[in-house]
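Welcome, and thanks for taking a look at this one with us.

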Amino acid sequence: MSTTAVRPRFRSLRQVRHALDTGQLTFEQLVQYYLHRIATDNKRLNVFIEVFADEALRRARQLDDRLQHEGLSALGPLAGMVVSLKDVLCFKDHQVTAASRILDGFHSLFSATAVSRVLDADAIIIGRVNCDEFAMGSSTEYSYYGPTHNALDPERVPGGSSGGSAVAVQADMCLASIGSDTGGSVRQPAAFCGVVGFKPSYGRISRHGLLAYASSFDQIGTLTHSAIDAASLLSVMAGPDAYDATCSPQPLPTFSDEAWASVPQARIAWFAEALDHPGLDPRIAQLTRQYLEGLRQKGHQLEAVSFDLIDYVVPAYYVLTTAEASSNLSRYDGVRFGWRHPQARSPEEVYTMTRTAGFGAEVKRRIMLGAFVLSAGYYDAYYGRAQKVRHLIVQRMAALFERYDFIVMPTSPVLPWHLGQMNEDPTQMYLADIYTVLANLAGLPAISLPAGQVEGLPIGVQFMAAPFREKPLLEFAHSILDRENA
Amino acid sequence: MHIDDKLISRLELLTRLRLRGSERERLRADLEKMLSMVDKLSELDLSEVMPLTHITDVWNNWRADEVCGQLSREEALRNAPDTDGIFFRVPKVIQSKSKST
């Protein structure tokens, strides 16, 4: 059953700040508004695992005090931004569980670098939101806390794994959410919920304090209503960090009002193999073709190119990420932190009983596959091959980005499915990641933008850029979003 | 590829997971489906391609060898399922046996 979407009270930080600056709004009223939205809809949609109501209000009152005495310009660049955190980001002295029983009761001893930076910029964190366990899944059904529902149609999934983040923004329970994207976990739920999902380049934002799934793929990303808000969050979170050696020293260019106002003419490629793919819902294909035609009419250069590796991206992705996951998740052994099985009577039982009862089915599947592809006798045939395919993909994408600014494709080949619909065969859901895993395999920045509806359900279109080209990508995204809204 | 019981047992040992009854059968079937999906990689000729081990050009990025970012003992033990206040505690490793072997 479909319900009408909540119309967000604010669609951008700029609108919030204008209201604060002109005295139409206080920080406390702002937080009260979102708390009211959460109280109204959280029970039915199962978005927030925990709401930091008192703390958010306390922080709001402190900001009101500073606003009164020093003015808005003296506050940080994210003052007015009320955000939620996906339950994979550490926030000092708050619980973080990766939506897993195995971390039940775990309290962070430090804040993720990204979280400290948004707090230092005066954002308000309103709570932590649901996701697939250890960010493994595309539907937010595989959570210890139960599934999250799509606000547009609660019988359908919101996508995943950052499904709680997407619905929190979609249902106006916060202005923005910080998620993580290992194979599309920010972009695909954004597409399913009709919001903007942005994943920066690998290495752009420190992963310190992000619970690991697959370390050479994981990247922190954002769910917002606008590209400008994604840029504001990126500007604050990006940059080198002594706690993450893979974090790039490349400086992020500054975003300026002039650049936001300009409309760049872009050279855009699309993959024939992607739009003609047998797995793509023909209605999404048709809408995407119309969308591309719209871009052409606006003066952008669009060209079809061939990408014959398309059917290898999902297999390569699942070999490599499950291998990394099986290694990363070996730390959850019931000894030093988290939940321990109460009946374990020996160290061996502590490991095995804790992990067996602590992890859900999807996590176990991936750990098992990962252990298999890394094991003696199979390593070269699976893990080694997948690393070579990844190299091939990186080379191919680099060559394409010499000729094109962006590559465009649908975000998802399918519409948001009904809860439980994909439970029979896990590979069915994996294959639905076909358009998003490419950016993670090659470390590219990518953004999913709302691109219309099919039978009342939102679809997304995704743009990818060369590594560390977030600025032109976001400026371009803004120019089309604004035109779409106009 | 056929996944037999012996292979499942080996993976159970490697991953410290124990699968019983219907869960074991379900996982065996799922793993077969997953492997048939990833077997697609064997179609490509990769003889001239090197494996990719670093996704960006940032590697061997060392910080100065200075003590920092340490947790206190109290903090390190705060999330432990069992502790004596100084160490993590686990059930006895060496059990006393009534019969010598």
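How many salt bridges are there between chain B and chain A? The count is four. Please keep in mind that this is a predicted model.

**Salt bridges and polar contacts**
- In one of the four salt bridges between chain B and chain A, the side chain of A:K364 meets that of B:E23, with 2.8 Å from N to O.
- Polar contact links 18 residue pairs between chain B and chain A, counting pairs with both residues at pLDDT 80 or more.

**The chain B side**
- Three helices of chain B, α1 (5-15), α2 (21-38) and α3 (73-78), each supply at least two residues of the side that touches chain A.
- Of the elements on that side, α2(B) gives the most, with ten residues.
- Sorted by class, the side of chain B that touches chain A holds 29 nonpolar, 17 charged and eight polar residues.

**Extent of the interface**
- Chain A brings 73 residues to the contact, and chain B brings 54 residues.
- Between them, chain B and chain A bury about 5600 Å², with 69% of it on carbon and sulfur atoms.

**Cysteines**
- Over all chains, the disulfide count comes to zero.
- A:C90 is in no disulfide, and its nearest cysteine sulfur, that of A:C131, is 12 Å away.
- Likewise, A:C131 is in no disulfide, and the nearest cysteine sulfur to it is that of A:C90, 12 Å away.
- Is A:C131 buried or exposed? A:C131 counts as buried because its relative accessibility is 0%.
- A:C90 also counts as buried, at 7% relative accessibility.

Notes
Residues are numbered from 1 along each chain as its sequence is written. Chains are lettered from A and ligands numbered from 1 in the order in which they are written. This is a predicted model: local features need pLDDT of at least 70, side-chain atom pairs count only at pLDDT 80 or more; totals for chains, interfaces and linings use all residues. Side-chain values use heavy atoms; hydrogens and water are left out. Contact means heavy atoms within 4.5 Å. Buried area is the accessible area (1.4 Å probe) that two parts lose on being put together, summed over both. A polar contact is a pair of N or O atoms within 3.5 Å; within protein, one must be able to donate a hydrogen and the other to accept it, and residues adjacent in sequence count only if both atoms are side-chain atoms. Helices (H or I, at least four residues) and strands (E, at least two) are DSSP runs, numbered from the N terminus. Ala, Val, Leu, Ile, Met, Phe, Trp, Tyr, Cys and Pro count as nonpolar, Asp, Glu, Lys and Arg as charged, and the others, Gly among them, as polar. A disulfide is a pair of cysteine sulfur atoms within 2.5 Å. Buried means under 20% relative accessible area, exposed over 50%, partly exposed in between (1.4 Å probe, protein chains only).
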